[in-house]
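Dear colleague,

Please find below the structure that I am handing over to you. My notes on what was found in it follow directly after.

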Amino acid sequence: MAFQPIVDISDHSVYGYEALVRGLNNEGAMTILSQLNDQNRYRFDQSIRVKAIDFAQKLDLQGVLSINFLPNAVYNPETCIRATLEAAAERNFPLERIQFEVTETEEVKDDHLKNIFLEYKQHRFITAIDDFGAGYAGLNMLADLHPDVLKLDMAMTRNIDQDRVRRSLVFAILAACRELSIKVIAEGIESRAECLTLADQGVTLFQGYWFAKPGFESLPEVPAQIWDQLRFRRMSDRDKWQ
């Protein structure tokens, strides 16, 4: 596993870390995911959950542990969550600090994903839609699932400071999330300008290479100079974020 921080610019803290699949020699996620099939998908999904919680305990991860899951590997939500519950109990990791992310790039039919989210919420897990704006369902998925967290895909945030069309679309999504009390995490942030454009619209949670790259079996820290670049641009910003 590798871990990438999700930061909260409102108080210059780390909200949590996303656990990312890696090979034994730090091979990228696609190298591993390309080997999945109908025979090993369920076993892989279960092992990743346990491995992420195991590393979180060993590394003394504070804040939220965010884990990606494969909805098509979950044949029955109640049954498939048992290994996660057992792993969290054995390692004394609070369930309310585990965030499950589902990517909307994987097509799921019928109400299967909705039932998964309902089951996870009953166990106090944080539910999140990952890569929003780059996949299948878009607003329909947001309406049906009503997640706790929405993660804006980097395709939506890339150069948003320079792209009027992206700004218009993303600002409308942010307005909907505010109305629905859904937290927003902006992914793929690679510049100060991208961060500030979204911060002006009330976004405080960010993830991306500008803050820190994933650390292999480690918890990277955000360099002090990044926080220094997020000092107030003008006095009126004090009412928005720090």
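In helix H5, which runs over residues 112-122, the buried residues are Leu113, Ile116, Phe117, Glu119 and Tyr120. Around the helix axis they cover an arc of only 165 degrees, which puts them on the same side of H5. Please bear in mind throughout that this is a predicted model. The partners against which the buried residues of H5 pack are H2, helix H3 (77-80), strand E4 (98-103), E5 and helix H6 (139-145). Just after H5 comes arginine 124, with a positive phi of about 75 degrees.

Helix H8 can be described in a similar way. Its 17 residues, 164-180, should span 24 Å at 1.5 Å a residue, and the C-alpha atoms at its ends are 25 Å apart, which agrees. Buried in H8 are Val170, Ile173, Leu174 and Cys177. These residues cover an arc of only 105 degrees around the axis, so they are on the same side of H8. The exposed residues Arg164 and Glu179 are carried on the face of H8 turned away from its buried side. Among the elements that cover the buried residues of H8 are strand E5 (126-132), strand E6 (149-152) and helix H7 (154-157), together with strand E7 (183-186) and helix H9 (192-199).

Both ends of H8 deserve a remark. At its start, the backbone nitrogen of valine 165 has a side-chain oxygen of aspartate 163 within 3.1 Å. After H8 comes serine 181, which has a positive phi near 60 degrees.

Helix H9 contains threonine 197. Is threonine 197 buried or exposed? Its relative accessible area is 16%, and because buried means under 20%, threonine 197 counts as buried. A polar atom of its side chain lies 2.8 Å from the backbone oxygen of alanine 193. With neighbours within four places in sequence left aside, threonine 197 is in contact with Ile160, Asp161, Arg167 and Phe171.

I turn next to the strands. Strand E1 (residues 2-8) pairs with E2 in the antiparallel sense, over 7 bridges. One of these bridges joins valine 7 to valine 14 in E2. The two strands form a hairpin with 4 residues between them, and in the turn histidine 12 has a positive phi of about 55 degrees. Strand E2 itself, residues 13-20, is mostly covered, with 6 of its 8 residues buried. E2 also pairs with strand E3 (residues 64-68), in the parallel sense and over 4 bridges. There, glycine 16 has valine 64 of E3 as its bridge partner.

In soluble globular proteins, nonpolar side chains tend to be buried together. The largest nonpolar core here has 65 residues, and those that touch the most other members are Ile9, Leu65, Phe69, Ile98, Leu198, Phe206 and Phe211. Helix H2 (residues 41-58) gives the most to this core, namely 6 residues. Apart from this core lies another, of 8 residues, including Ile6, Ala128, Val149 and Leu205. With neighbours within four places in sequence left aside, the contacts of leucine 198 are Thr157, Ile160, Val170, Leu174, Ala186, Ile189, Val203 and Phe206.

With kind regards

Note on methods: Residues are numbered from 1 along each chain as its sequence is written. This is a predicted model: local features need pLDDT of at least 70, side-chain atom pairs count only at pLDDT 80 or more; totals for chains, interfaces and linings use all residues. Side-chain values use heavy atoms; hydrogens and water are left out. The expected span of a helix is 1.5 Å times one less than its number of residues. Buried means under 20% relative accessible area, exposed over 50%, partly exposed in between (1.4 Å probe, protein chains only). The arc is that of the directions from the helix axis to the C-beta atoms. Contact means heavy atoms within 4.5 Å. A polar contact is a pair of N or O atoms within 3.5 Å; within protein, one must be able to donate a hydrogen and the other to accept it, and residues adjacent in sequence count only if both atoms are side-chain atoms. Two strands pair if DSSP finds at least two bridges between them. A nonpolar core is a set of buried Ala, Val, Leu, Ile, Met, Phe, Trp, Tyr and Cys residues joined through side-chain atoms within 4.5 Å.
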